Amino acid sequence: MTMIGEENKNEKKNFDTELFCDAVPKEVPRINGIIQKFYDWAQANSLWILAFGTGCGSIEMRPLYTARYDISRFGMAPRPTPRQSNLFIISGYASVKTLKRIVRSYEQMQNPKFVMGLGSCTVNGGMYWDSYNTINRLDHYIPVDTYVAGCMPRPEALIAGFEDLKKRIKEGRAEGANEYAKNFEWYKANQKKVIKDWDMPDYNW
Amino acid sequence: MEEMIERIKLKFNAKDINRQKATLVFFSVEKKDLEACVLYMKEFEGYSNLTMISATDWIETGTFGLTYHLHNYKNRTDVGIKTYIDRKNPSMVSINTLWAGARVFERELKEMFGIDFPGCPRVDDPFALEGWDNLPPMRKDFDTVKYSEETYFPRPGRSTKDNVTQMEEKLYAVEAEVKKGIAKTVRKNK
Amino acid sequence: MKAIWNETKEYDLTSGKYVKIWQGPQHPGVTGNMSLELLLEGDEIKWLKTHVGYLHRGFEKLMERRKFINCFPIVCRICVPEPDTNEYLFAAATEELAGIEIPERAKWIRALNLEMARLGATIMGLGGQSGSFGLGTIGQWAVAHRDFLLDSFEELTGGRIYHMYIIPGGVRYDLPEGFEGRLEKTLVKIEKLISDIDKVLFNNAVFKSRAKGLGIIPKDWIEPFGITGSTARGSGVNYDVRKDHPYLIYDQLDFEPNVGTDGDVYARTEVRREEALLSIRLIRQILARMPKVGPVRTRIPDIMHWKIPAGETYVKAESGRGEYGYYMVTDGTEYPRRVHVKGASYTHAMALLEKLAEGVTNADIFGLMVSLQTCPPEIER
């Protein structure tokens with residue numbers, strides 16, 4: 001099996017900047033007053049989930065979408081692409097290889113965006129705290145707005161987590177995307193410490 | 001099965017014969033005989049299915065133990081053919097021409113133990129890890145706790161309880177009390 | 001063997017004839033978390049390469065530094081849809097090496113647990129299979145009905161997904177009172193679901209026209225690729241570990257595994273449907289024939305410092321996806337020396353899928369992938 005024209009993998013890639021923008025993210029300041037309140041209310045009630053099963057927690061997401069727990073009651077729905085979704089559920093442990101894809105998917109999501117860490121593994125590594133391939137603390141790599149603990153958390157726990165997230169959004173405390181923009185250098189340094197073969201642009205959306 | 005073991009003993013000088021179950025036998029052959037032995041088992045003894053290839057790190061003796069698990073669909077028996085290779089410069093002959101599935105196993109062993117299989121297609125491709133620059137992780141001298149603590153920002157406050165005391169206190173509280181009492185009395189009488 | 005693999009083909013990417021795309025891991029069609037690298041000519045796949053490792057946690061390394069009893073909470077996480085096979089196999093390997101006999105009733109309860117897990121995984125697989133061809137309704141039904149089964153699991157073991165119910169020496173608790181009757185109600189519901197699936201899936205013109213003739217596995221590929229389980233039975237090879245190497249009490253049950261003929265996706269789905277019915281029959285047989293009273297576990301003295309004498313063994317069991325094997329080496333200490341897990345879909349998802357995908361259209365690749373029952377966490381562990 002030979003492929004002609006495939007670029008050499010060892011060479012540093014020249015990214016085609018026509019396809020994406022690599023400007024670092026900027027903070028979006030909050031406006032005071034009733035308009036911001038309206039924004040918060042609207043954002044809290046239209047959470048669309050990115051359907052990316054990053055870990056074993058994704059098996060409890062399927063009951064969540066289907067008849068019994070029926071997440072559509074709360075105005076939520078799974079979306080297949082990061083461009084259409086604003087809630088990223090990191091369902092369980094993230095291995096280094098997945099973390100790279102998580103970072104990329106997170107950066108491709110558009111503001112306002114929120115992250116929910118599902119399971120004990122995202123809090124402190126959980127069962128795999130001593131593993132050589134899974135990260136311990138998710139909040140060192142991407143900002144996390146709320147955690148749902150447990151291994152694995154029941155769908156009811158997830159629904160409670162959504163309620164908590166909504167409350168935080170309405171209070172104006174779910175400012176993960178702004179945190180990411182503010183501490184961009186720190187997050188990037190952490191990500192690059194773990195992801196050894198960094199072959200993507202620093203920011204892409 | 002007994003006759004097969006006798007034949008293997010004669011032909012390949014098989015040692016360490018371990019009749020684990022009625023349907024399972026382990027034996028070890030020399031490294032140079034392994035490919036011939038596997039081929040013989042496949043072609044003449046009917047062990048036509050390669051279940052898996054696994055490796056064990058025997059760091060005390062400086063060897064890797066390779067085990068080739070074969071299965072016979074006809075008389076429903078399994079064999080594990082073992083061989084030992086040098087740990088310093090691990091290299092083994094590839095059997096991907098005998099079984100197509102072997103290429104996956106060999107690729108995994110290359111990554112996890114650093115055992116080389118020259119001639120196996122795509123053996124150098126990373127299997128599960130990406131950008132790994134340390135020792136092969138399944139080797140015994142690779143310390144996964146140390147690596148994890150150095151790399152992955154452990155959250156402070158994780159306390160480890162000894163399982164024995166934890167279980168005694170939680171499940172067998174009375175017994176633990178009695179045990180403590182006895183120890184106390186013994187100490188007193190000393 | 002050389003006829004199966006053709007390594008001499010050349011694809012000129014600069015010619016503009018071929019397109020190389022990636023599907024997954026962030027893709028709703030992929031089972032679990034893995035990605036496919038596809039080379040397309042028009043809509044037809046010319047070449048495929050699977051990339052796994054997104055779920056690698058280093059289980060085998062972690063087990064080497066945990067005591068035997070500490071390994072039990074870990075092993076069930078190797079396979080998410082059907083964790084009990086892992087627990088059983090780890091328990092069986094340790095018991096065999098330590099020379100422990102488990103009570104008769106514990107064997108029956110273990111078999112009951114395994115069959116329930118298989119039933120849940122099978123109906124979810126049926127839902128996934130139809131979902132991958134765009135028939136999402138059955139996926140909704142299947143997941144909802146699996147939840148009834150998860151309720152039974154919760155009642156029996158205390159956990160919905162991960163049970164940690166099978167422990168060395170037997171099982172953790174006896175059956176709760178009145179459990180048989182409540183389980184029977186769930187089974188009736190699932191039987192009703194399967195008769196519905198017959199109407200909506202197997203008589204569906206879309207499913208028939210797409211699944212028939214897709215991904216045909218010839219009979220003579222079974223041995224070189226090491227195909228087992230329902231994938232092999234769909235191609236007409238009657239190989240079932242429960243029948244051929246009876247473990248637990250499977251030699252006291254009356255059953256005959258179902259075998260297909262065509263070896264395509266449709267045949268594999270049909271075999272899987274029969275498998276769900278077989279599991280229901282087996283659960284009923286087990287409940288009727290099991291001893292009604294008796295101990296459910298042998299006590300192992302000093303289980304926290306349980307030392308297993310040096311030895312090695314290979315145990316296997318039939319999971320919903322095929323033969324599942326554990327190779328365990330012990331050296332007389334409190335820790336296992338080496339545990340190697342042979343996941344059922346290990347070669348299915350890698351070597352076999354890469355081979356079968358040639359010539360399949362891009363839209364059908366996920367139907368093919370689900371029909372091989374790939375389960376990424378057991379491939380990379």
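Chain B falls into two domains: domain 1 covers 2-158, and domain 2 covers 162-190. Taken over C-alpha atoms, the centres of these two domains of chain B are 45 Å apart. Keep in mind that this is a predicted model.

Next, the contact between chain B and chain A. How many residues does each chain put in? Chain A gives 17 residues and chain B gives 15 residues. On the chain B side, the residues that touch chain A sort into 7 nonpolar, 4 polar and 4 charged.

Now chain A on its own. It has 205 residues, and 42% of them are buried. In secondary structure, chain A has 6 strands and 7 helices. Reading from the N terminus, the order of elements in chain A is β-α-β-α-β-β-α-β-α-β-α-α-α, so you can follow it on the screen as we turn the model. As for contacts in chain A with a separation of 6 or more, 81% are between residues 24 or more positions apart.

Last, confidence. For the complex, the predictor reports a pTM of 0.87 and an ipTM of 0.83. Chain C has an average pLDDT of 85, with 98% of its residues scoring at least 70. Which elements of chain C mark the lowest and the highest mean pLDDT? The lowest is strand S1 of chain C, residues 10-12, with 74; the highest is helix H11 of chain C, residues 265-289, with 90.

Methods. Residues are numbered from 1 along each chain as its sequence is written. Chains are lettered from A and ligands numbered from 1 in the order in which they are written. This is a predicted model: local features need pLDDT of at least 70, side-chain atom pairs count only at pLDDT 80 or more; totals for chains, interfaces and linings use all residues. Two residues are in contact if their C-beta atoms, placed from the backbone, lie within 7 Å. Ala, Val, Leu, Ile, Met, Phe, Trp, Tyr, Cys and Pro count as nonpolar, Asp, Glu, Lys and Arg as charged, and the others, Gly among them, as polar. Helices (H or I, at least four residues) and strands (E, at least two) are DSSP runs, numbered from the N terminus. A residue is buried if 20 or more other C-beta atoms lie within 10 Å of its own, exposed if 12 or fewer, and partly exposed in between; C-beta atoms are placed from the backbone. Domain bounds come from an automatic or database domain assignment. pLDDT is the predictor's confidence in each residue, from 0 to 100.
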